Amino acid sequence: MNFWNKLSKKGPILVLAPMAGITDSANRLVCRKQGADVVYTEMTSIDALFYSSKKTFKMLEFQKKEKPVVLQLFGKRPEKVAKAVEIVEKAGFDGIDLNFGCPAKKVVNHGGGITLLRDLNLCHELVQAVCESTKLPVSVKTRVALDKGKITVLDFVDKIKDQPVSALMLHGRTYEQMFTGEINYNVMKEVKNTFNGVVIGNGGINTPEDAKKMIDETGVDGVGLARGIYGKPWLFQQIRDFIQNGTYDYPDIKVIKKIVQDHAKAVYMDKGQHGVIELRKHLCWYFKGFPGANEMRKKFVQVESVDDVKNVLKSM
Ligand SMILES: Cc1cc2nc3c(=O)[nH]c(=O)nc-3n(C[C@H](O)[C@H](O)[C@H](O)COP(=O)(O)O)c2cc1C
């Protein structure tokens, strides 16, 4: 049984959705510790793997404690998929995801991401190329629709129904909505009733109440958290507590400081000083809304080492 099916038997699956520039190894580690069942990498280029880009190979590194970890691929050339998949398998990932949802200009300008749905035959070829190249569970991630509803996720699901796809993460917004606006629960529910695999709902989940509402209204097997975890990776545990007991707690400042220190150590181990500089945005998110947050922000945007982070935390 693959890990998706195992997890779906235990109750709602809590997933860290892929986020470029955010879901690096350290962030994934923190989220797993805070209750995520599955974590996704940042999107990784099929072409870059095919051409053995050093920078992209670095993105294949992860810690055992992150498992199960899914690597997300993006691209539009089926003929390059087999080699990319071989590299991903060797790196030890637990699953492979294909991106059919990214609206970023640098991706869609090359015909990738969400605009792939304009050519459903190509979508099918890509999914088939991945499924035929691997024994790992394959998943896909997409949005509810594009081109003012002319093409929908239901067309996509129908097109790939002959492929052994284990899971589908659905961002409940259209291409046109980009990253704001209402989540379409109706289409999400239809996908749950149509797709023959695990369905993970995604979009706009910032509180345990948001997660419960999505699950109750659509019947999805789990939820994918993205921006909702900015500075609050404990949202995973809060969601689990809320679903199981109807209540949840907030971590106190001591606990938060420990999580932040662990995050800083993990990112330093993985990327060195460059990682600490990338961490600055997370540090600001962790303490957003705290008394004195503006003063702290001024300090956080200057940290260059784990000791710098510790010193700012001590001064609080
Ligand atoms: C900074 C950022 C980077 C993202 N990168 C990816 C990505 O690499 N692959 C992907 O499929 N989606 C990506 N997404 C989309 C998220 O996974 C998610 O679908 C979207 O943010 C909606 O969820 P939210 O409203 O909870 O943030 C990204 C989103 C953000 C904000």
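This is a predicted model: local features need pLDDT of at least 70, side-chain atom pairs count only at pLDDT 80 or more; totals for chains, interfaces and linings use all residues.
Visitor: What is said of the peptide bond from Lys 67 to Pro 68?

Guide: The peptide bond that leads from Lys 67 into Pro 68 has omega near 0°, and it is cis. Most peptide bonds are trans.

Visitor: Why is Gly 95 called buried?

Guide: A residue needs 20 or more other C-beta atoms within 10 Å to be called buried, and Gly 95 has 22, so the label applies. Gly 95 lies in strand S4 (residues 95-100).

Visitor: Why does Leu 7 count as buried?

Guide: Leu 7 has 21 C-beta neighbours inside 10 Å, and 20 or more are required, so Leu 7 counts as buried. Leu 7 is found in helix H1 (residues 3-8), and, with its neighbours within four places in sequence left aside, its contacts are with Ile 13, Asp 37 and Val 38. From Leu 7 to Asp 221 there are 214 residues in sequence, while their C-alpha atoms are 9.3 Å apart in space.

Visitor: How do you know that Ile 205 is buried?

Guide: Ile 205 has 27 other C-beta atoms within 10 Å, to be set against a requirement of 20 or more, and is therefore buried. Its place is in the loop between strand S9 (198-202) and helix H10 (208-218). Not counting residues up to four places away in sequence, Ile 205 touches Asp 210, Ala 211, Met 214, Val 223, Leu 225 and Gly 228. The C-alpha atoms of Ile 205 and Gly 228 are separated by 5.8 Å, although these residues are 23 apart along the chain.

Visitor: What makes Asp 252 and Met 178 count as exposed?

Guide: To be exposed, a residue must have 12 or fewer other C-beta atoms within 10 Å. Asp 252 has 8 such neighbours and so counts as exposed, and Met 178, with 12, counts as exposed because the cut-off includes that number. Asp 252 lies in the loop between helix H11 (235-245) and H12, whereas Met 178 lies in the loop between strand S8 (165-171) and helix H9 (185-194).

Visitor: What is noted about the phi of Met 178, and what about that of Ser 52?

Guide: Met 178 has a positive phi of about 55° although it is not a glycine, and phi of Ser 52, likewise a residue other than glycine, is near 55°. Most residues other than glycine have a negative phi. Ser 52 lies in the loop between helix H3 (46-50) and H4, and with 10 other C-beta atoms within 10 Å, against a limit of 12, Ser 52 is therefore exposed.

Visitor: How do you know that the span of helix H13 agrees with its 14 residues?

Guide: At 1.5 Å a residue, the 14 residues of H13 (residues 273-286) should span 20 Å, and the C-alpha atoms at its ends are 20 Å apart, so the two values agree.

Visitor: Which residues of H13 are buried, and what do they pack against?

Guide: Val 276, Leu 279, His 282, Leu 283 and Tyr 286 are buried in H13. In an α-helix with 3.6 residues a turn, residues three or four places apart point the same way. The buried residues of H13 pack against helix H12 (253-271), helix H14 (293-300) and helix H15 (306-314).

Visitor: How do you know whether the radius of gyration of the chain agrees or disagrees with that of a compact globule?

Guide: For 316 residues, a compact globule would have a radius of gyration near 20 Å, and the chain has 19 Å, so the value agrees. Buried residues make up 46% of the 316 residues, and of the contacts between residues at least 6 apart in sequence, 68% join residues at least 24 apart. The secondary structure comes to 15 helices and 10 strands.

Visitor: Which residues are closest to the ligand, and how is the shell around it divided by class?

Guide: The ligand is surrounded by 22 residues, of which the closest are Ala 17, Met 19, Met 43, Ala 226 and Arg 227. By class, the shell has 10 nonpolar, nine polar and three charged residues.

How values were computed. Residues are numbered from 1 along each chain as its sequence is written. A residue is near a molecule or strand if its C-beta atom, placed from the backbone, lies within 6 Å of it. Ala, Val, Leu, Ile, Met, Phe, Trp, Tyr, Cys and Pro count as nonpolar, Asp, Glu, Lys and Arg as charged, and the others, Gly among them, as polar. Helices (H or I, at least four residues) and strands (E, at least two) are DSSP runs, numbered from the N terminus. The radius of gyration is taken over C-alpha atoms; the globule rule is 2.2 Å times the number of residues to the power 0.38. Two residues are in contact if their C-beta atoms, placed from the backbone, lie within 7 Å. The expected span of a helix is 1.5 Å times one less than its number of residues.
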